[in-house]
Amino acid sequence: MRLTKSKVHISIVLVALILTISFSGLTSIGSAQPAGKVPVIIGFRNFQDDKSVGDQGGEIKYSYGYIRAIAASVPPQAIDALQRNPNVAYVETDFKVYALQQPIPWGIAKIRAPEVWVTGNKGTGIKVAIVDTGIDTTHLDLKVVGGATFVVGTTSYNDDNGHGTHCAGIVAALDNDIGVVGVAPGAALYAVKVLDSSGSGYLSDVIKGIEWCITNKMQVVSMSFGSTSDSTSLHAECDKAYSANIVLVAAAGNSGPGANTIGYPAKYSSVIAVGATDSSDVVASWSSRGPELSVTAPGVSIYSTYKRGVYATMSGTSMACPHVAGTVALILAKAIHTPTEVRNILQTTAVDLGTKGWDSAYGYGRTDAYAAIAPATPDFSVSISPSSVIVPTTGGTASYAVAITRTGGFTSPVTLSVSGLPSEASGSFSPTTGNLATLTVTVSPTETAGSYVFTVTGTGESLTRTATATLVIQKPDFSISASPSALTIKAGASGSSTIKVTSLNGFSGTVSLAAASVPTGLGATLTPTSVVFTSGGSLTSTLKVTVPLGTKAGTYTITVTGKSGLLSHTATVTIKVTSNGQGQH
Amino acid sequence: MKYGEVFTVEKDISVETRTDKGEYSVEEEVRISVTVTNRGMNPVELIFMSAQRYDFIVVKDDREVWRWSNNKMFAMVLESLLLKSGEKQTYMETWEPKCITSGEYEVIGTVTSRPAHRATCVIKIN
């Protein structure tokens with residue numbers, strides 16, 4: 001226990017409650033409008049169409065010079081017709097610009113949460129547990145749905161410190177006329193109190209808090225706390241929550257800039273570790289670094305709700321963590337995903353900062369809530385296999401499988417074409433529709449051997465996607481070898497060796513075999529004296545060598561020559577002649 | 001050397017680690033405090049990288065026997081503590097030794113600001 005309380009240096013800002021206008025929907029706003037008409041701004045795709053606005057009973061106020069848009073007052077029933085006009089890109093309400101009474105904190109704007117709300121997604125109903133110091137239960141800018149306390153000596157999950165209320169506001173401060181607004185203002189906030197009034201807590205209480213989250217089926221758990229020491233039981237509890245499909249998000253820690261400074265539980269693979277960036281998208285020097293870092297989020301000078309109904313500015317990876325927890329609520333409100341999928345979405349849609357790709361200071365980059373929920377752009381890719389096929393110079397065909405992979409709802413036909421083949425080759429696709437085709441490359445007889453990289457191009461709508469493969473044209477040939485290549489024969493006896501001829505690069509035809517340069521006196525016969533290839537492979541002939549009595553002992557050489565047209569290859573057999581009584585029969 | 005108290009000075013900041021006694025019997029609880037004092041003329045701001053303000057570590061023969069923060073979690077928020085000239089801040093915890101041998105123990109008291117301020121005293125357990 002502490003003897004005295006330390007003074008926490010934070011700026012407490014009292015909120016000014018000022019009424020603001022509602023700018024939801026296309027209802028009448030402002031007073032100087034023609035009766036029964038709604039002020040709108042109409043954006044056009046191709047040209048500014050004053051006529052269609054007039055035809056719909058609209059009165060044009062401005063026709064803008066730099067943007068393709070018109071400000072006008074139109075009857076409410078004309079809005080639908082305008083929106084159906086293919087030349088109309090958008091119709092938006094022309095509301096009066098007031099000084100905002102509910103400022104959007106920089107972090108919320110930075111991660112583009114307001115752009116998500118416009119799509120109708122505010123994370124509504126997603127259960128987010130703030131495992132922390134509790135949440136101010138009477139704060140006008142927060143709605144706490146439920147919770148529990150595991151801090152000894154407390155009976156309520158009301159916040160005794162302020163930290164938990166601050167984190168809760170970052171996740172889900174209400175979208176109302178006061179104070180601030182959170183990343184997912186529609187999320188259902190749960191206060192799980194495990195840290196005491198000083199902001200510290202027992203590991204055992206933290207584990208109990210996560211257990212509560214599992215039992216009460218939380219979907220997102222925000223953990224803005226950490227420790228430098230590992231705990232087997234905390235690790236096991238986090239893994240358990242993860243396998244219960246709960247997305248765990250934790251503060252990476254404030255122990256940077258040294259390497260490997262990420263704390264626990266952020267360090268566990270079942271937890272998404274979040275570092276802190278400032279309003280210029282620069283990582284905070286103190287943000288912990290390490291291989292476990294997943295993403296970064298705003299964490300420097302963050303303005304949010306505080307205990308006793310007020311607001312405060314605070315810094316730390318504690319503040320970055322709930323920005324991601326809120327983003328996860330938006331992701332889950334759009335579609336249900338496993339924690340692994342959520343992590344992938346966050347990482348692949350983050351704005352890459354620092355070293356290109358992942359790095360230990362920014363992870364995969366700064367969280368972008370809008371990119372995380374944006375529909376995938378319709379697209380496709382083309383792939384080809386195998387990557388290389390060999391055809392002989394005497395001509396033939398090569399077959400490749402070409403596949404079209406469609407993503408993001410791309411349904412238009414894709415036309416395939418091939419380019420870069422040598423002049424003596426041509427390619428055709430079969431079938432010409434669908435997502436799988438066989439590319440058959442027909443090569444005319446040619447003497448031009450070589451390796452040709454060609455390109456298969458798929459064209460669909462305005463998109464062009466390519467894949468490359470190689471066509472190898474090789475001259476047909478054969479090889480010849482003898483086994484054994486050395487014979488020991490006694491004078492007056494004979495021996496034999498197997499001559500093997502192998503077709504190479506699609507060689508076909510006749511290879512004539514002959515024993516050349518047979519030393520005087522020795523007999524050499526080949527059976528058969530020619531082999532005929534029809535479909536590659538190897539064929540054999542037998543060389544029989546006869547050594548007459550009286551042949552002088554010594555080493556002799558017989559060359560076996562294989563010929564086919566202009567091609568000629570040889571194999572050599574060495575004959576060691578011994579005097580009587582030695583060698584083979 | 002005197003058991004149970006030590007005093008270090010770093011520029012204007014002094015740190016003092018004290019125990020309630022110098023010598024203890026085995027399994028007797030040890031009350032430990034660490035005090036940071038601004039001895040300079042100007043205010044000093046201590047920056048803390050989390051809700052943790054202090055830590056206590058007990059070491060015997062270069063082996064860590066106890067660490068107060070071991071089973072604790074801290075809010076990951078930056079906070080600061082302003083010490084006016086002459087102002088001090090004391091933190092205190094109790095170590096309940098379990099299954100330990102007699103001998104001399106080093107008691108390290110740390111104010112976990114960045115930079116940290118620490119002082120090590122020695123106690124004797126008989």
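This is a predicted model: local features need pLDDT of at least 70, side-chain atom pairs count only at pLDDT 80 or more; totals for chains, interfaces and linings use all residues.
Let me begin with chain A as a whole. Its secondary structure comes to ten helices and 33 strands, and of its 585 residues 49% count as buried. If we take contacts in chain A between residues at least 6 apart in sequence, 69% of them join residues that are at least 24 apart.

The largest nonpolar core has 127 residues, and the members that touch the most others are Met223(A) and Trp95(B). Helix H8 of chain A, residues 317–334, gives this core its largest share, namely ten residues. If we leave aside the neighbours within four places in sequence, the contacts of Met223(A) include Val131(A), Ile210(A), Cys238(A), Pro265(A), Val271(A) and Cys321(A), together with Leu248(A), Val249(A), Ala250(A) and Ala251(A). Another core, of 27 residues, lies apart from the largest one, and among its members are Val382(A), Phe429(A), Leu439(A) and Tyr452(A).

A second residue I would like to point out is Val128(A), which sits in strand E6 of chain A, residues 127–132. With a relative accessibility of 0%, Val128(A) counts as buried, the cut-off being under 20%. Beyond its neighbours within four places in sequence, Val128(A) is in contact with Val171(A), with the run Ala187(A), Ala188(A), Leu189(A) and Tyr190(A), and with Met218(A), Val220(A) and Ala329(A). The C-alpha atom of Val128(A) is 8.8 Å from that of Ala191(A), although the two residues are 63 apart along the chain.

Turning to the helices, how do H6 and H7 of chain A pack? Helix H6, residues 203–215, and helix H7, residues 232–243, have axes 10 Å apart at an angle of about 10 degrees, and the two are therefore roughly parallel to each other. From H6(A) the contact is made by Leu203(A), Val206(A), Ile207(A), Ile210(A), Glu211(A) and Ile214(A), and from H7(A) by Ser233(A), Leu234(A), Glu237(A), Cys238(A), Lys240(A) and Ala241(A). Sorted by class, this contact has eight nonpolar, one polar and three charged residues.

Helix H9 of chain A, residues 339–349, has as its buried residues Pro339(A), Val342(A), Arg343(A), Ile345(A), Leu346(A), Gln347(A) and Thr349(A). Those residues pack against the helices H7, H8 and H10 and against the strands E12, E13 and E14, which belong to chain A as well.

One is an open sheet of four strands in chain A, in the order E25-E27-E31-E29, with antiparallel pairing. Strands E25 (477–483) and E29 (523–527) stand at its edges with a single partner strand each, so one side of each has no neighbour in the sheet. From one strand to the next the twist averages 25 degrees. E29(A) pairs with E31(A), residues 538–546, over five antiparallel bridges, and Ala524(A) has Val545(A) as its bridge partner there.

The other is an open sheet of three strands, ordered E9(A)-E8(B)-E11(A) and paired antiparallel. Its edge strands, E9 (200–202) and E11 (225–226), belong to chain A and pair on one side only. Between E11(A) and E8(B), residues 72–75, there are two bridges in the antiparallel sense, and the partner of Gly226(A) in E8(B) is Phe74(B).

Note on methods. Residues are numbered from 1 along each chain as its sequence is written. Chains are lettered from A and ligands numbered from 1 in the order in which they are written. Side-chain values use heavy atoms; hydrogens and water are left out. Axes are lines fitted to C-alpha atoms, for helices over the stretch in contact, and angles run from 0 to 180 degrees between N-to-C directions. Angles under 35 degrees count as roughly parallel, over 145 as roughly antiparallel, 65 to 115 as roughly perpendicular and the rest as oblique. Contact means heavy atoms within 4.5 Å. Ala, Val, Leu, Ile, Met, Phe, Trp, Tyr, Cys and Pro count as nonpolar, Asp, Glu, Lys and Arg as charged, and the others, Gly among them, as polar. A nonpolar core is a set of buried Ala, Val, Leu, Ile, Met, Phe, Trp, Tyr and Cys residues joined through side-chain atoms within 4.5 Å. Buried means under 20% relative accessible area, exposed over 50%, partly exposed in between (1.4 Å probe, protein chains only). Two strands pair if DSSP finds at least two bridges between them.
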